[in-house]
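Welcome, and thank you for opening the viewer. Could you show me around the charged pairs, one stop at a time?

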Amino acid sequence: MKDYYCPNYSECRLVKSPDFPVSGSDRETYLNTFCQDVNKGWAKCKRFVTKSSLGFCPDFVLPDSNYTNDEIIDKFDNEI
């Protein structure tokens, strides 16, 4: 894998799951802006940051989400 890909690229559901809940054009934008960016845009990806800090990342968290970790945990707990 190229070194400018996100460290989570091979396991991120946004990348790997064809049924990830986002439109095709938005998905391509996310992939280009965050996942496969030579400027390491993945470091600003909320999915990457969330997984790094919480150890997991729910599907409702998108790369440009503004959720705090507490909001993510609360929303995740309410969805279970």
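## A tour of the salt bridges

Searching the whole structure turns up 4 salt bridges. Keep in mind along the way that this is a predicted model. Side chains of opposite charge can pair when their charged atoms come close.

**First stop.** Select Lys51 and Glu11. These two form a salt bridge, and their closest N and O atoms are 2.2 Å apart. Now look at where each one sits: Lys51 belongs to helix H3 (residues 46–54), while Glu11 is in the segment before helix H1 (13–16), so the pair ties together parts that are 40 residues apart in sequence.

**Next stop.** Select Asp59 together with Arg13. Their side chains meet in a salt bridge, 2.9 Å from N to O. Asp59 is found in the loop between H3 and helix H4 (69–79) and Arg13 in helix H1, so this pair ties together parts that are 46 residues apart in sequence. Asp59 has a relative accessible area of 26%, which makes this residue partly exposed. Arg13 also counts as partly exposed, at 37%.

**Another stop.** Move along to helix H4 and select Glu79 and Lys75. Here the side chains meet in a salt bridge with an N to O distance of 3.7 Å. How far apart are Glu79 and Lys75 in helix H4? They are 4 residues apart, a separation of about one helical turn. Lys75 is partly exposed, with 31% relative accessibility.

Methods:
Residues are numbered from 1 along each chain as its sequence is written. This is a predicted model: local features need pLDDT of at least 70, side-chain atom pairs count only at pLDDT 80 or more; totals for chains, interfaces and linings use all residues. Side-chain values use heavy atoms; hydrogens and water are left out. Helices (H or I, at least four residues) and strands (E, at least two) are DSSP runs, numbered from the N terminus. Buried means under 20% relative accessible area, exposed over 50%, partly exposed in between (1.4 Å probe, protein chains only).
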